[in-house]
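The following note was prepared for a colleague who wishes to read the model alongside its sequence.

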Amino acid sequence: MSIRDDPAAPRWRRWLLNRFVLVPGTLAIIAIVWNAWVFTHNHGKIAGRVVDASGRAVEGAEVKLWVFNFTTFVEQASTQSKSDGSFQFTSNPSHNIQLSAEKPGVGRSRIPVRLYFQSEDLTLKQPLQLTEAATEGK
Amino acid sequence: MDRRTVLKTGLAAAGTLAMPAYLRAQSNKKISVLTWNIADQEALFKEEFDEFKKANPSVEIEWLDKKGPDLPAFYQTQLVAGTAPDVIDIQGALWVEWAANGALLDLTPYFQNDPAFVKMFNPDYMSSFVYDKKNYLVPFYVAKTLLYYNKTMFKEAGLSGPPKTFDELLASAQAMGKGEKTGFLTLNFDWLYWPLMKMNGIELLTPDYKKPAFNTPAAAELLDRLAKSTAAGAINKIAWTGRWVEPNGAFASGTVGMLQAHSASYFFVKGQGRWINPETLGATQAPGDWSTPTNHGFGVSKSSGNPELAFALVKHMTSVKWATRLAQIRRVLTANIEADKAGLESVKADDPLAYAVLQTQLEHTDKMTGNWPLANDAQIKEAFWPEFQNAVLGRKDAKTALADAERAVTRVLRRS
Amino acid sequence: MTRRQRRWPIHLALIAVCFVMLVPFYWVLKTSISGENIFSYPPSIVPRDPQPFYYVDVWYAIPFARYFLNSVVVSILTIVANVVLNAMAGYSLTQTFPGKQIVLMLFLSCMMIPFQATIIPAYLITGKLGLLDSYLGLALPMFSTIICIFVFKASFDAVPRSLIDAARVDGLSEWRIIWKVMMPLAKSAVATNVILSFIWSWNNFMWPLIATRSQDMQTLPLGLARFISYQEDTTGALYAFCIMVLAPGILLFLLAQKEFVQGLTTGATKG
Amino acid sequence: MSVTAIDTADVRPRFTRRRSTRRAILIWSFLAPSLLIFLLYRILPLGWNLLLSFEAWSPLKPAVFIGFDNYQEMFWDDDVFWQALWNTLGIIASAPLGIAIALGLALLVNSDIRGRDVYRTLIFLSYPLMTVAVAIIWRWMFDERVGLINFVARSLHLADQPIPFLNSFTWALPCVIAANIWQMLGFYMIIILTGLQTIPGNLYEAAEIDGANSFRRFLRITLPLLRPSLFLCFVIGMLNSVTSFDLIYVMTNGGPGHATEILVTYIYKLAFNQTRFDYAAAITVVFFMLLLAVTWAANRLSGGNVGAVEHD
């Protein structure tokens, strides 16, 4: 502001360096950076691990990806966990999903996952822990 | 030709010159579809339209969606301007007025040409779209009221199960209404509260729809009882003052014993009430199996330039394939018998409660009330409801309120 | 006012009022970022587990960017037209000319016609102009606003007569008098025009509802209204939407408030 | 135009007749765009409503002249119209309340204190908000179960039971009015502030020398000189509140019953929900007359010649 009022400053500086340019400019830059981030990180990859109640990796658990649609979560894809308990989805289109894992005899688990944008790539920090009495949360 | 017509013709002539592109395109094979607040199904509609366009090349489809309260304003402005959408999705009884005024195309000939198409639908839902012995709409998706009940509260009050008669309903409500808790709630928009009247044998109008029939001693007694129950806390006041969020929200909070509402309420209530599971929430028919529908149907505007094509699109959108998809994705019933079977099947395993709720929608479809084909339904509602409200909230004596309502309704009936 | 007054009661009163004015803002902001179910009682004062996911939901629930762009374009059209047309009309009203009283009365009575009652004819007229479903058609009814005309008039009235006469003697045309002499002295009126016309255009709900047809032309208030109707259960998202819709207006106001609040209040004393 | 030019030439002999004609043309051409917009979007529609009010018409029925039937129904048969009229008048009557509060605030922020610009900005901040959003916010503040106001009232033991503000016949209208005042307060304050700044400081000094206390100074100097601003506030505020369709549409939709029905919402409902455009048009005409009358009365009361608008 003060620069704008300062008659000594060169004209271009007065026109460029005032709050009507700087504030929208900053916002635009933030938007561009954010979009660049989004475009490089939206492959729809969701990776994670499945473990049992005592924390050991579970192989062959059926892992399902549920995608929110209007009022309910709809099954989008399913896969089996590998020997180290890991699994990966590559086709997640949504930003509001749930992951469920189930293995007969070991138990099941279902967790909601929220993403910052659609198809955000994510590696789950917490493994899905299968328990016997897990209730289906929606 | 009077002055107005001259003026209008002149303006219309001038208008054709200055028509925007999308209007001029209408004279080609362009079909516009106006849906009622279902923008969330954009992906589904896109697929449907793509398939339709493949079968009918050179056809363009314009899809519009407006939310409930705004749709009438939008449609009527378009009517006046002569640019009404070809296909329109209408909820409730609004269509009757438009049909009576000649805005909608009589679909009876189309139905007669295609009995197989008609047979796909539940006849009771189908017949609720008849006015003056003519068919105007094809069911898109349907719903009717049912009674939800809070099993936990029923157990606490020592009640064995949902009420079978109106007396039981009031008694159960009274048993549960204590302190912060109340026994009964109903949605009240449109005629959704009318099952309460019907289960006591009260009719709104005489069978010929010419005169009010509700001003009887029985009705006065009923209103009196409702008012007393409301004052005593057996019936929650929100039943008579709330619109959609308030009653559903109150029931979802877990402090109300019963809710009379349509199937759509289930998803709202479930979204808000953490307590809800098959052990705690029950869904059943209201006493006497009476219910009020709030259906959606597709109609064709009479002003449509391509009525054949428009009807073909309606058929396409309500076909087994697409109705099934809609039923599965949106968890609704479509009145398309086969589609509903498939839809219910997919819900069954996933959400048994939703299955129970939707199941009620297919039972006792012959006992629907509050869906009279009245051309001035909105005006009659406006004349009747405030007085009813006065009576049950104890602001007016039941007899006076009914007499006032009768006068108001008579005036509406006389006007048309 | 006098300097003998004690200041702290004034501060106290003003802080109390500001508190009342700001509490709703805080409450909405809090709900839009807190994970708590807003249907719980009693509410907590500080947000628990703040998270931005409601904003993500809103962004994907409607074509937010498109609606935003539409709102911006319509608002810019409205602002430009308002500043130019209102300045011209405001200037005319500072002059004496026959029929002035009639024009004044006309303007005043125009303020009293509720817009909701004029929808159908307004729609027909816009249709005849071929402007339905276009940015221009959306903005046109608000191209000139009566209050803003009077704001300009008041501001121009404050410009010393001698200055104008001098300019006229110098041979400046009326047009140049407005732009070179009057406008620089009426900065606050311009700021007021910009802010008010922005507010009205940005917030307009009824007219876009009727005058737009395609999804691509919808504006933010329509998006908000649509959002209420079928997402009423995800209330956190609803308030996130409120914040996203209100933010641009508040931002613009805060940017221009110096010219607006100060200008409005000091500019009038110039005359 | 030439006749008018002569008049002007008589008044201002400095200019030649030719020049005056050109000036008159110029003035009218400056006015023309605004006038055209008002003609298209205000006056023609009003005329349309006036015509329609004597007819029976709906988008599909041809118009039939029915004389004063619509007006007769309105005044003699329609209770809702009367209720809406009273509610509208109630909202109009609430405008002075908001203005009084704003006047107090304006006096406060007009005093020579630190940070007054911040106060001004914060208080004004509610005006630029989208009314639909304001309505959503306040609908929720007044909510029976989770509303902040009920929470505060119950915490302070002002109420033992939560009050269903917007669902109550007694509370709904005051609540809507409160939300409306909340939104308009900053706007009123700014207008009054503008008026306050035009009052010459030497008037106060003179009064002080005469020994008038601050209350008397306020009564004798501030108030009379503020009249035009107050009038402007009232007119703008009243029009804004009375035609603020969005607020009521979202907050209560006129309910419960018709407790918060105002003429605008009623007109809208009649036209679009009940397809009674003809009858709605008649109410529009009456509504317009009402606003005209109220403005005229306010103008007389403020003693102004179209108030601040014309105080040169």
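Predicted model: local features only at pLDDT ≥ 70, side-chain atom pairs only at ≥ 80, totals over all residues.

The points below proceed chain by chain and then turn to individual residues.

1. Chain A contains three helices and eight strands. Of the 138 residues in chain A, 22% are buried. Among contacts in chain A with a separation of 6 or more, 60% are between residues 24 or more positions apart.

2. The four-stranded sheet of chain B. In chain B, four strands form an open sheet in the order 8-9-7-10, and the pairing is mixed. Strand 8 (182-186) and strand 10 (281-284) of chain B each have a single partner strand, so one side of each is left without a neighbour in the sheet. Neighbouring strands of this sheet are turned by 20 degrees against each other on average, with direction ignored. Strand 7 (residues 145-150) and strand 10 of chain B run antiparallel and are joined by four bridges. Within strand 10 of chain B, B:Thr284 is the residue that stands opposite B:Leu147.

3. Helices packed on that sheet. Helix 14 (residues 245-252) of chain B packs on the sheet and touches strand 7, strand 8 and strand 9 (256-262) of chain B. The direction of helix 14 makes about 140 degrees with that of strand 9 of chain B. Helix 19 (residues 352-362) of chain B also packs on the sheet, where it touches strand 7 and strand 10 of chain B. The direction of helix 19 makes about 20 degrees with that of strand 10 of chain B.

4. The five-stranded sheet of chain B. A further open sheet in chain B has five strands in the order 2-1-3-11-6, with mixed pairing. Its edge strands are strand 2 (60-66) and strand 6 (138-141) of chain B, each of which pairs on one side only. On average, neighbouring strands of this sheet are turned by 25 degrees against each other, direction ignored. Strand 6 and strand 11 (residues 296-300) of chain B run antiparallel, with three bridges between them. Here B:Pro139 stands opposite B:Gly297 of strand 11 of chain B.

5. The contact between chains C and D. How many residues of chain C are in contact with chain D? There are 80 residues of chain C in contact with 74 residues of chain D. Several helices of chain C give two or more residues to this side, among them helix 1 (8-33), helix 3 (64-94), helix 5 (119-128) and helix 10 (187-203). The largest share, 13 residues, comes from helix 13 of chain C. By class, the residues on the side of chain C that touches chain D are 59 nonpolar, 17 polar and four charged.

6. C:Ile125 as an example at this contact. C:Ile125 belongs to helix 5 of chain C and touches D:Leu40 and D:Leu44, leaving aside residues up to four places away in sequence. C:Ile125 counts as buried because it has 21 C-beta neighbours inside 10 Å. The C-alpha atoms of C:Ile125 and C:Ser188 are separated by 34 Å, and the two residues are 63 residues apart along the chain.

7. A helix pair in chain D. Helix 10 (residues 214-242) and helix 13 (residues 277-301) of chain D have axes that come within 10 Å and cross at roughly 160 degrees. This angle makes helix 10 of chain D roughly antiparallel to helix 13 of chain D. The crossing of helix 10 and helix 13 of chain D is right-handed. The residues that make the contact include D:Phe231, D:Phe234 and D:Met238 of helix 10 and D:Leu291, D:Val294 and D:Ala298 of helix 13 of chain D. The contact has nine nonpolar, two polar and no charged residues.

8. B:His364 is not a glycine, although its phi is positive, at about 50 degrees. B:His364 lies in the loop between helix 19 and helix 20 (377-392) of chain B. D:Thr275, likewise a residue other than glycine, has a positive phi near 50 degrees, and is found in the loop between helix 12 (263-273) and helix 13 of chain D. Is each of these residues buried, exposed or partly exposed? B:His364 is partly exposed, with 17 other C-beta atoms within 10 Å, whereas D:Thr275 is buried, with 26 other C-beta atoms within 10 Å.

Key: Residues numbered from 1 in each chain as written. Chains lettered and ligands numbered in written order. Axes fitted to C-alpha atoms, helices over the stretch in contact; angles between N-to-C directions. Parallel < 35°, antiparallel > 145°, perpendicular 65-115°, else oblique. Left-handed = near helix turned anticlockwise from the far one by under 90°. Contact = placed C-beta atoms within 7 Å. Nonpolar A, V, L, I, M, F, W, Y, C, P; charged D, E, K, R; others polar. Pairing = 2+ DSSP bridges. Buried ≥ 20, exposed ≤ 12 C-beta atoms within 10 Å, placed from the backbone.
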